[in-house]
Amino acid sequence: MSNVPYESLGRPDSPTQQFNRIPQQQDISQYAPVQSPPSPLPRDDPFDTHNLPPGAGPPMSAIPPRFMGMAAAHEGLRSSYASSNNTYGNQQDYRMSEYDSVHGLNVHNAGSTPTLATQRTSGNDDPLLHQEAYHDDPHQNGIPMSPVPGQAGFREYMPEKRNIYESPKSKTKRRGIVIGSIILIAILVVAAVLAPVYWFVIRPNSSKSSSNTGGSSTGGGGGHTDDKGSGGDGGNTTEDPKTHTVISGGDGSKIKLENGTEFTYNNKFGGFWYFDPSDPFKSAAKAQSYTPGLNETWDYNTNRIFGVNLGGWLNTEPFISPALYEQFYPNAVDEYTLSQQLAANGGIGQLEDHYKTFITEEDFALIAGAGLNWIRLPIAFWALEIWDGEPFLEHVSWKYVLKAIEWARKYGLRINLDLHAVPGSQNGWNHSGRLRDTPNFLRGVMGLANADRTLDYIRSIAQFISQPQYKDVVCMFGILNEPFTPNIGDLPMDSFNMRAHDLIREITGFGEGNGPIISIHDGFTGIDPWAGKYAGSDRLALDIHPYFAFGQQTADPMAQQAVRACDTWAGGTNRSMGAFGITAAGEFSNAINDCGTYVNGVGIGTRYEATFPGYSGARQGDCSRWTDWTKYTDQDKADIKEFALASMDALTNWFFWTWKIGDTLAAGRVESPFWLVLLTFKMSVGSANTLTRSYKLGLEQGWMPTDPRESYGKCASLGVAATSAPAVPATATGGPGAGTISPNIRASLTQWPVAALTGIPNADVLPIYTPTGPMITLPGPTFTDPANPQKTFDAGNGWFNPADTVGAHVPITGCTYPDAYDAGTEKIPVPSARCTGPGARRRAARSPEPTRN
């Protein structure tokens, strides 16, 4: 391109900057030329002067071409429909401009042609700067068409005119050159597109790790953009050359959903999606350029977990989906009682409407587009099965676990699958399935029986996610959410964790790549007591849930909370990385108090307003100050964002709680805004007009960062001295020594099953189940080969290690068992001896899913 200014039609405000001077990494989309129609042909009727009424100008559609100008440096010299009124005051300006595309078709005197000599005599350096008017109307009287002389020194201008009037032979020759050039360029473009596709999509499974320091994408998909969003073609899609199906795309590409609707994939971080119907278990997507692709290795020393919880989706909570519970107030306080109410009012199957709409595929795309790279997915044991007397919706949520895995794979997101609710309740809180005064897991008369049943579910999940079809996506397994160790006791919980670790590693084998990272919750005992615990274990991670909301309340302004987060959390998190291993905040939020509808439970007050039962602290204020986000000032939003960034920096690896929260029926809006990234509105479940509306409230309103990397160095900027986290022990990532727990450590833990529980010194008298039942084998998804509808792809049989043949726990025939959720010693006396019947009793067959070995 010549060294000239550039101006495009329709964009008078565009900068006159040359393309070749724009920095390589700069987004040039704003300077893209607007395509304007070509100049009209001489005899194209709509533009012929004889078709215009007297005094009329050319029609509006006769838009000038991009390069506009005069035939010479004299105003009014060019009277062409393909011209403009731009003028130049001197010859030099004209010669240096891009407006010198003039073809001297007409001269003043027919048959005469200005010569080079006469041009120079007149002081004109250009041999074709005619001193004549130029006309391109072939119907204008007295103006004959004159070819430009071909002698030396004369350039031909206006190639569009020349092409019209030149001989067919000349046209044919030039057309061949043009076509050849186009073909050559096309070949080069195709090669440029296919090369990265081959190296990064077709030839995947590289073991190369990627750091969290930014940079451009290394994945396939055809010209995907870097993390600034520059480059690309606005769609960046890649087709399967055999089926011509679009299998990958970057920022701006279109995603077609199962129901036929579409949305636009927006990812300014260089991420790209990937799904090939002909190879549905291929993991080739990349969430962002700074995140390792699913076919790359995650380095827990250098890569950072920027995660979010999908709380309240497959394991409901009153404060996340308040409309589900409000319609039955005050009778629905947890999913146990909600299930009972739904069953009595239209059927328990209504709950699937919530599963279908609360979280969809688009949410996964939005999560990647928000710069996040992990999902923590809470599930409940009733995804696998229920027993007699349990009211939960059985099996159905597992179908959506499979969808979550499919969507996470498509958008390059890793999953931390978290068992959030287990038989008997591990903490007595509503999100454990049933609200109780105390846990009945590892506590009370049914403590051992509930724990053995829980181990069966852990085992079935581990068998499923360790299969090669899923292990690259489900990379972490949280075996038990928030067990309340102060009530359960340290020794029973330590023994349970050790038994779960051994059970999983017996299935997967030891060392990196063999099954998921096992995440265990700190049990609300703090970080430091975990230092050195389970040393030599294989790939154990510590899950912490740091919240200010449920402790001592404060009226201190939000502006002071960011420093508090850094002071409170940064040091312990860094110490734990070296002293224990991988340490991540499985939950945290922006909440500095417990304000919000149902945050503490249905019908329960708040500590902030001193209405929470048993809270002795002083009232700090009115919760409406915090629950009505529509009244947040810009300063409020800035302060909340500062707190979010400080929390992220202090915790290093984290999962925000939570992605969505629903509107309340009473207020018609979210009333727990501290806890969400996205906002969702939901009508009552089961309605034919159920409507879900979601949008990026925290992001759009400005209190959540649009790039989580903004958090880097936040604590240091607030004056909090930072100490770098040391490298995690080699065993934490499956390196040397993994799986070599010393005999001394094992001796310090009571062998499973434990000999005593809190308040029960002799656990041998407690009721247990017998391991003689069939194990639950979880089904995989069904994918049909688009080339052969009779063929389905291997989704695994649900049981990774066939050598694991021990039966599942089932009730002993002839024995009676108290209510699994109401067997505390304050209600049920400890038996004097254990019931030992003649054998196992099989449960009655229910729905065919999941299958059993």
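Analyst: Asn801 counts as buried because its relative accessibility is 17%, where buried means under 20% relative accessible area, exposed means over 50% and partly exposed lies in between, with a 1.4 Å probe and protein chains only. The model is a predicted one, in which local features need pLDDT of at least 70 and side-chain atom pairs count only at pLDDT 80 or more, while totals for chains, interfaces and linings use all residues. Residues are numbered from 1 along each chain as its sequence is written, and side-chain values use heavy atoms, with hydrogens and water left out.

Asn801 sits in the loop between strand 22 (788-792) and strand 23; helices (H or I, at least four residues) and strands (E, at least two) are DSSP runs numbered from the N terminus. Leaving aside residues up to four places away in sequence, Asn801 touches Gln463, Glu506 and Ile507, a contact being heavy atoms within 4.5 Å.

Turning to the cysteines, a search of the whole structure finds 3 disulfides, each a pair of cysteine sulfur atoms within 2.5 Å. Counting bonded cysteines along the chain, the pattern is 1-4, 2-3, 5-6. Cys815 and Cys835 are joined with their sulfur atoms 2.0 Å apart, and this disulfide is left-handed because the torsion about its S-S bond is about -90 degrees. The pair lies 20 residues apart, with both Cys815 and Cys835 in the loop between strand 23 (808-810) and strand 24 (851-852). Cys815 is buried, with a relative accessible area of 11%, whereas Cys835 is partly exposed, with a relative accessible area of 35%.

Cys595 is bonded to Cys623 at an S to S distance of 2.0 Å, and the torsion of about -75 degrees makes that disulfide left-handed too. Cys595 and Cys623 are 28 residues apart, and each is in the loop between strand 14 and helix 14 (624-627). Both Cys595 and Cys623 are buried.

The remaining link joins Cys566 to Cys715, S to S 2.1 Å, and is left-handed, with -85 degrees about the S-S bond. It connects distant parts of the chain, 149 residues apart, with Cys566 in helix 13 and Cys715 in helix 17. Cys566 and Cys715 are both buried.

Helix 13 itself (residues 561-579) has 19 residues and spans 28 Å from its first C-alpha to its last, close to the 27 Å expected at 1.5 Å a residue, the expected span being 1.5 Å times one less than the number of residues. Helix 13 bends by about 35 degrees at Trp569, a bend being the angle between axes fitted to the seven residues ending there and the seven starting there. Its buried residues include Cys566, Trp569 and Asn574, and the buried residues of helix 13 pack against strand 13 (540-544), strand 14 (583-588), helix 15 (634-651) and helix 17 (714-717). Just after helix 13, Gly581 adopts a positive phi of about 145 degrees.
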